[in-house]
Amino acid sequence: MKNSIHYITNTCFVKKFNSGVDDEEFDYHYDKNSRFIKVLEDSDWLFQFTGEQPKKMIKGTVIHVSRLVQHKMIQGRTNLTVQVLEVL
């Protein structure tokens, strides 16, 4: 099953990552816009900025990612659903 994206507005969307499915988010990368990522359900996934320790992505966690700052997600065994708000 593929990962899915559901757009709420042009700058806000919900993305569901399915365990076992590869995604570009798993390699270090940066985004052209700053964004807030809110974890919508408990998971065993991790989020990591370059040079920092990974942090658990549990329900209610909000992560601010500044534009052009390298980061990645580390896939867990469960699915992960997040809401993303891009700051233009």
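View 1. At 14% relative accessibility, Phe26 falls below the 20% cut-off and so counts as buried. A quick reminder for this and every other view: the model is predicted. Phe26 has a ring partner in Phe17, and the two are tilted, with 6.4 Å from centre to centre and 45° between the planes. Phe17 is buried, as is Phe26. A further tilted pair joins Phe26 to Trp45, here with 5.5 Å between the centres and 55° between the planes. Phe26 sits in the loop between S2 and strand S3 (34–39), while Trp45 sits in the loop between S3 and strand S4 (46–49), so this pair ties together parts that are 19 residues apart in sequence.

View 2. Why give two values for each pair? A pair of aromatic rings is described by the distance of the centres and the angle of the planes.

**View 3. Strand S2 and its two partners.** Here you can follow strand S2 (residues 12–17) as it pairs with strand S1 (residues 4–7) in the antiparallel sense, over four bridges.

**View 4. The open sheet S5-S4-S7.** Three strands make up this open sheet, in the order S5-S4-S7, with antiparallel pairing. Strand S5 (55–56) and strand S7 (71–74) are at the edges; each has a single partner strand, so one side of each is left without a neighbour in the sheet. Two bridges join S4 to S5, while four bridges join S4 to S7.

View 5. Which residue of S5 is the bridge partner of Leu46? That is Lys56. For Phe47, the bridge partner in S5 is Lys55. Phe47 also stands opposite Met73 in S7. S4 and S5 form a hairpin with five residues between them, and in the turn Gly51 has a positive phi of about 80°.

**View 6. The largest nonpolar core.** This core has 15 residues, and those with the most contacts inside it are Phe47, Met57, Met73, Leu80 and Val82. Two or more core residues come from each of S2, S3, S4, strand S6 (62–65) and S8. S8 gives the largest share, three residues. As background, nonpolar side chains tend to be buried together in soluble globular proteins.

**View 7. The largest pocket and its lining.** About 230 Å³ of space lies in this pocket. Its lining has 17 residues, and the closest to the pocket centre are Phe13, Lys15, Glu25, Arg35 and Val84. At least two lining residues come from each of S1, S2, S3, S7 and S8. How many nonpolar, polar and charged residues does the lining have? It has nine nonpolar, two polar and six charged residues.

View 8. Asp31 is found in the loop between S2 and S3. Is Asp31 buried or exposed? Its relative accessibility is 10%, so Asp31 counts as buried. From Asp31 to Val65 the C-alpha to C-alpha distance is 8.3 Å, although the two are 34 residues apart in sequence. Leu68 lies in the loop between S6 and S7. Leu68 has a positive phi of about 65°, although it is not a glycine. With 46% relative accessibility, Leu68 counts as partly exposed, because that class lies between 20% and 50%.

Terms used:
Residues are numbered from 1 along each chain as its sequence is written. This is a predicted model: local features need pLDDT of at least 70, side-chain atom pairs count only at pLDDT 80 or more; totals for chains, interfaces and linings use all residues. Side-chain values use heavy atoms; hydrogens and water are left out. Two strands pair if DSSP finds at least two bridges between them. Rings of Phe, Tyr and Trp (its six-membered ring) pair if their centres lie within 6.5 Å; planes under 30 degrees apart count as stacked, over 60 as edge-to-face and the rest as tilted. Buried means under 20% relative accessible area, exposed over 50%, partly exposed in between (1.4 Å probe, protein chains only). On a 1 Å grid over the protein atoms alone, a cavity is a set of points where a 1.4 Å probe fits but cannot get out, and a pocket is an open set with protein on both sides within 12 Å along at least five of seven lines; lining residues have an atom within 4 Å of a point. Grid points are joined across faces, edges and corners, and a volume is the space filled by probe spheres set on the points. Ala, Val, Leu, Ile, Met, Phe, Trp, Tyr, Cys and Pro count as nonpolar, Asp, Glu, Lys and Arg as charged, and the others, Gly among them, as polar. A nonpolar core is a set of buried Ala, Val, Leu, Ile, Met, Phe, Trp, Tyr and Cys residues joined through side-chain atoms within 4.5 Å.
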